[in-house]
Amino acid sequence: MPPSTERTAALLGGVLIAVLAGCGAPAGKGTAETTAGTEAAAPPDAPANAARKQVAPAVPPGLPGMPPVLDPRDVYSADRAGKLSPVVKDFPARVYVPNTNSDTVSVIDPRTYKVIKTIPVGRQPQHVVPSWDLKTLWVNNDLGDSLTPIDPATGKAGRKVAVSDPYNLYFTPDGKYAVVMASMERKLVFRDAHTMKTAKTVPVDCGGVNHADFSTDGRYFIVSCEFSGELLKVDTAKMKVIGRQKLPLHGAMPQDVKLSPDGRTYYIADMVANGMWVLDGKKFTTPKLLRTGKGAHGLYISRDSRKMYISNRGEGSVSVFDFARNKLTEKWHLPDGGSPDMGGVSADGKVLWLSGRYNSEVYAIDTASGKQLARIRVGSGPHGLAVYPQPGRYSLGHTGVFR
């Protein structure tokens, strides 16, 4: 996934580099359930059922210290269009783009679609991550072994904080800990959410811990291991791996992880399987595969919680999944192709922003029509861009997972 020669060589060598360039092999016969275009995902418990019956699922007591769940039928109910927290309501709307090869962050004004600032950061910045309390944006300088804080009120960068191998960054739902995905070191590192001082290091025997998402009650989270094709289930309070499984596809490379609005199902994008895995997180049984497109990579929920956008990096497209209908309903192709990767949805829900990983550009896409609104030149190797501010009470990390 990362474009750095040093990182990929250390982890997988030449074979991985070929896969990351978009040459992943298709799923083998008999290894996973194949679905096409608009076929149903067939998850263990279809999210649509609870929505149609309008019956709130029972939710166990949440992780101590976690803000109460507003609506157990929709974990994203606090993320409605324009519903900004008082903490962020006066922040200027910006798109922050980490350029892994340029060691910079490009700052875009979403109104003009123009880069208005370029911020030097550490070596190989991977993601721009909103802090749990919404006050800081953390730039993950992976090979620089540091985090660069950006004040979203002023757009100014602060002094780097030393953190080893911060490929990705999440926050526990109680706001107590940051969880560093130390990909090369094969560790989950729980750190104080403010000082970043280490609280506990959890070694994981899987390659490339990468993305994650938390259960509705916050008591566990699912982690993807991209280089060994595995999933982990982690107890949040105990800071302990309580489940592990190998995906049923040779060469699987799981990426982004996202919980369904009703909290019953996890979706895990896989850039080699060319789709997303559909997992019952509670049971943690073998997931099924829903094909979306070549190089499936990022997963983003619409502001009304009705749809999910899937970026297919290997074919320059975005697939649209309808939760109520439990199926793929649309596919938007970028004109002139591209490599849509990571990003987020604008505060008003009207624009999907995605980095063009191998094209030194960013795409702005109309969520109503799928039309490309802009294609903006940025630095080399743009990756986990953050659209900020966004609605929500607190951040679980990555490029903006809000509750």
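Student: With which side chain does the side chain of E226 make a polar contact?
Tutor: Please keep in mind that this is a predicted model. In it, the side chain of E226 makes a polar contact with the side chain of Q255, at 3.2 Å.

Student: And where is E226 placed?
Tutor: E226 is in the loop between β14 (220-225) and β15 (230-235).

Student: Is E226 buried or exposed?
Tutor: E226 counts as buried, because its relative accessibility is 0% and buried means under 20%.

Student: New topic: how many cavities of 30 Å³ or more does the structure hold?
Tutor: The structure holds two of them. The largest cavity has a volume of about 180 Å³. It is lined by 17 residues, and the closest to its centre are I301, R303, Q390, G400 and V401.

Student: How do the residues of the lining of the largest cavity divide by class?
Tutor: Seven are nonpolar, seven are polar and three are charged.

Student: What volume does the second largest cavity have?
Tutor: Its volume is about 110 Å³. Of the 16 residues that line the second largest cavity, V69, V75, R393, Y394 and R403 are the closest to its centre. The lining of this second largest cavity has nine nonpolar, three polar and four charged residues.

Student: Let us turn to the backbone. Which residues does a cis peptide bond join?
Tutor: The cis peptide bond joins Y388 and P389, with omega at about 0 degrees. P389 is found in the segment after β29 (386-388).

Student: What is the phi of N274?
Tutor: Phi of N274 is near 60 degrees, which is a positive value in a residue other than glycine. N274 lies in the loop between β18 (265-270) and β19 (275-280).

Student: Why does N274 count as buried?
Tutor: N274 counts as buried because its relative accessibility is 13%, and the cut-off for buried is under 20%.

Student: What about N326: what is its phi?
Tutor: Phi of N326 is near 55 degrees, a positive value in a residue that is not glycine. N326 has its place in the loop between β23 (317-322) and β24 (327-333). With 8% relative accessibility, N326 counts as buried.

Notes:
Residues numbered from 1 in each chain as written. Predicted model: local features only at pLDDT ≥ 70, side-chain atom pairs only at ≥ 80, totals over all residues. Heavy atoms only, no water. 1 Å grid on protein atoms, 1.4 Å probe; cavity = no way out; pocket = protein on both sides within 12 Å on 5 of 7 lines; lining within 4 Å. Points joined across faces, edges and corners; volume = space filled by probe spheres on them. Nonpolar A, V, L, I, M, F, W, Y, C, P; charged D, E, K, R; others polar. Helix = DSSP H or I, 4+ residues; strand = E, 2+ residues; numbered from the N terminus. Buried < 20%, exposed > 50% of the residue type's maximum accessible area, 1.4 Å probe, protein only. Polar contact = N/O pair within 3.5 Å; in protein donor to acceptor, adjacent residues only side chain to side chain.
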